[in-house]
Amino acid sequence: MNYNELYDVLKENFEKEGSFKIIDGLNLSIETIYFDSRKADLLHGSPKYTCDKHDINFSVDAEDKSQVVYGIPSVDLKDFDIECNKKFDYYILKRADIEKAEGAIIFFHGLNEKRWDKYLPWAYELAQQTNKAVVLFPIAFHMNRAEEIWSDRRAMVEVSNFRKKHFKDNSDCSFVNAAISSRLEAHPQRIFWSGFQTYSDVISVVNNIRQNNIQSISPDSSFDLFGYSIGSFLSMILKMADPEGIFKDSKLFCFCGGMTIDRMFPISKYIMDARAAIKMQTVFAELLSSDFKSDHRLGHFQNQQLHSQESWFKMMLRYNYFQKEREVRIKELQGQIKAYVLEKDEVAPPMEALNTLQGGYRNIKIDVEIQDFPFDYSHMVPFPLTNKIQDEVTESFKQFTKSASDFYNS
């Protein structure tokens with residue numbers, strides 16, 4: 001079965017109704033787990049902004065006034081009011097011949113993703129080759145945590161046209177990236193608060209497994225991480241922060257990622273437009289240089305003395321900020337992180353993975369494997385479904401999954 005055929009079979013079965021499915025011919029079970037996020041009070045639009053740890057309340061009015069409103073209901077939504085981001089499903093893929101997996105890989109996708117389709121073959125092979133359960137967990141406001149209207153072509157063409165009309169110097173504006181571009185430009189700090197919600201959700205998932213509430217994964221399971229693109233950014237923060245000691249011995253595999261966020265170049269019709277990307281980088285550069293003086297709530301959560309774990313976010317924002325502290329921590333994780341990057345990737349350049357993970361002086365012993373597939377690929381589509389190149393795609397896919405599986409199994 002080549003990559004395209006595997007993709008088709010997995011997609012067809014994944015979309016079938018039912019909370020538990022077995023694909024006999026592939027020795028695979030797919031389980032759907034309902035999840036209720038308890039950290040929505042962190043998000044824009046919450047009735048009150050608090051830090052429970054320090055019993056501090058922050059001004060709601062000040063933060064609301066910092067948000068740009070376009071007058072377009074579909075993108076002006078307050079984050080707290082988006083119910084599908086609070087209550088949603090995640091998925092567990094594992095070998096059908098294993099009743100209870102003794103290990104789990106928490107799998108994070110890329111930015112501006114709405115469907116799991118392209119990741120199903122990746123997760124399938126990881127499950128088969130490692131005997132671990134692969135937990136497909138959606139980042140806040142992505143996948144099935146995203147409003148349906150953000151994927152509605154007609155509605156998003158209107159938003160895209162609005163951005164083209166009002167921002168003449170903008171580029172790479174499309175209906176695909178219209179929602180995320182508008183929302184991140186309106187309030188770039190969303191990248192932290194949505195990430196923090198996801199970070200907190202993952203801790204809850206792990207605790208649910210440890211309490212034996214997830215029947216397909218042992219409560220004594222080990223937990224590894226897989227991150228693709230922005231999922232690598234989130235995974236790096238989880239690994240460095242190690243909340244509740246969950247990821248102390250975990251292995252992290254970064255695919256098309258592993259660098260600080262300023263060394264990623266997400267301007268694309270499929271990810272975000274130029275105006276949003278520039279605004280995000282500018283705002284975080286200003287916040288870092290002023291020690292978050294214009295955003296007291298974010299500054300509180302990025303204070304290393306007060307929030308030693310959550311503040312790893314700021315360490316991964318810009319390469320030239322906190323480089324020493326970041327490299328000291330990454331050096332402690334030698335042997336537990338591996339990156340697999342593609343030579344022609346323009347969104348996540350291999351050199352930037354080397355700079356971040358091996359350090360400016362290349363004195364950190366983290367494996368950064370650089371590959372160049374023998375066909376036209378991109379960051380967004382590393383494994384094309386084009387029929388005439390399926391032999392080459394399948395071979396490259398096997399090499400990729402073997403690299404990841406060998407790392408997890410070592």
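A salt bridge joins K338 and D367, with their closest N and O atoms 3.6 Å apart. The term applies when a side-chain nitrogen of Lys or Arg is within 4 Å of a carboxyl oxygen of Asp or Glu. K338 belongs to strand 10 and D367 to strand 11, so the pair links distant parts of the chain, 29 residues apart. Helices (H or I, at least four residues) and strands (E, at least two) are DSSP runs, numbered from the N terminus. K338 is buried at 9% relative accessibility, whereas D367 is partly exposed at 40% relative accessible area. Here, buried means under 20% relative accessible area and exposed over 50%, with partly exposed in between (1.4 Å probe, protein chains only).

The structure is a predicted model, in which local features need pLDDT of at least 70 and side-chain atom pairs count only at pLDDT 80 or more, while totals for chains, interfaces and linings use all residues. Residues are numbered from 1 along each chain as its sequence is written, and side-chain values use heavy atoms, with hydrogens and water left out.

Strand 10 spans residues 337-342 and is mostly covered, 6 of its 6 residues being buried. In a regular strand the side chains alternate between the two faces of the sheet. I337, A339 and V341 lie on one side of strand 10, K338, Y340 and L342 lie on the other, and all are buried. Two strands are taken to pair if DSSP finds at least two bridges between them. Strand 9 (residues 252-255) pairs with strand 10 in the parallel sense over 4 bridges, and L252 stands opposite I337. Strand 11 (residues 367-371) also pairs with strand 10 in the parallel sense, over 5 bridges; V368 of strand 11 is the bridge partner of A339. Between strands 10 and 11 the chain passes through helix 13 (residues 350-358) in a right-handed β-α-β crossover. Right-handed means that, with the strands pointing away from the viewer, the path from the first strand over the helix to the second runs clockwise.

The salt bridge count comes to 22. In one of them, the side chains of R145 and D201 meet at 2.9 Å, N to O. R145 lies in the loop between strand 7 (133-136) and helix 5 (153-166) and D201 in helix 7 (residues 190-210), so this pair ties together parts 56 residues apart in sequence. R145 is buried at 0% relative accessibility, and D201 is buried at 1%. E352 forms a salt bridge with R263, the closest N and O atoms being 3.0 Å apart.
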